[in-house]
Amino acid sequence: TDGQTNVMIFDGKARTMQMGMPGQKSYMEISLDGERGEHLKEALEKQSVERTGKTEKIAGYSCEVWRITDKEQKRVKSDLCVAKGFGGAARFWIDPKELRRSSQPGWVKQLVEEGGFGLRSIQYDEAGQESTRMEVTSIDKKSLDANLFAFPSDWAKQDMAGIQERMKAMRNQKGQGGADFSKMVEEMKKRKSS
């Protein structure tokens with residue numbers, strides 16, 4: 001983003017994602033359990049997923065387009081081209097304990113059982129225009145040294161707990177009728193134009 005290179009390391013067993021910023025020699029760690037996991041679960045429940053049956057070839061692999069729609073906003077949020085046979089990759093996002101719930105959407109179970117992995121993700125804005133695209137360009141099957149999945153010892157680990165607390169406080173303030181920054185900006189624009 002903005003010409004900067006970011007590095008992400010996913011740990012399926014610990015259920016964490018580490019995001020490194022080489023320019024700042026620092027990284028932060030995000031857990032997908034706890035409150036973060038609850039937000040992810042809520043997000044999954046607000047979305048419906050349609051397997052379109054349309055297939056494409058990306059990085060030499062066949063994948064099927066899955067269309068993700070927001071149930072509340074009634075609009076397409078993204079298209080994900082899912083390839084099969086990638087082992088437990090989907091378990092990173094979906095807590096294995098959640099799979100045993102009978103209320104779990106069928107597509108979640110299918111994604112895990114088929115070893116699904118998204119080779120391309122296209123996000124759409126509220127106007128239905130493409131806003132973001134991420135696509136796998138190549139896949140190289142080989143064993144990798146465990147040291148590749150750790151940031152250098154001189155990199156600083158940022159305090160995610162502090163950042164998450166500030167974000168939580170902002171959400172709570174918003175929920176209690178506190179100032180919404182985007183609304184404030186809109187009001188200022190209206191006052192300027194009148």
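So, where in the protein is confidence lowest, and where is it highest? Lowest is helix 4, residues 181-193, with a mean of 48, and highest is strand 5, residues 61-70, at 95. That's pLDDT, the predictor's confidence in each residue, from 0 to 100. Helices (H or I, at least four residues) and strands (E, at least two) are DSSP runs, numbered from the N terminus. Over residues 188-194 the pLDDT is below 50, and beyond near neighbours in sequence that stretch has zero contacts in the model, contact being heavy atoms within 4.5 Å.

Quick housekeeping: this is a predicted model, where local features need pLDDT of at least 70, side-chain atom pairs need 80 or more, and totals for chains, interfaces and linings use all residues. Residues are numbered from 1 along each chain as its sequence is written, and side-chain values use heavy atoms, leaving out hydrogens and water.

Five strands make an open sheet in the order 4-5-6-7-8, with antiparallel pairing; to pair, two strands need at least two DSSP bridges between them. Strand 4 (47-58) and strand 8 (130-135) are at the edges with a single partner strand each, so one side of each has no neighbour in the sheet. Strand 5 is joined to strand 6, residues 75-83, by seven bridges, and Thr69 sits opposite Val76 in strand 6.
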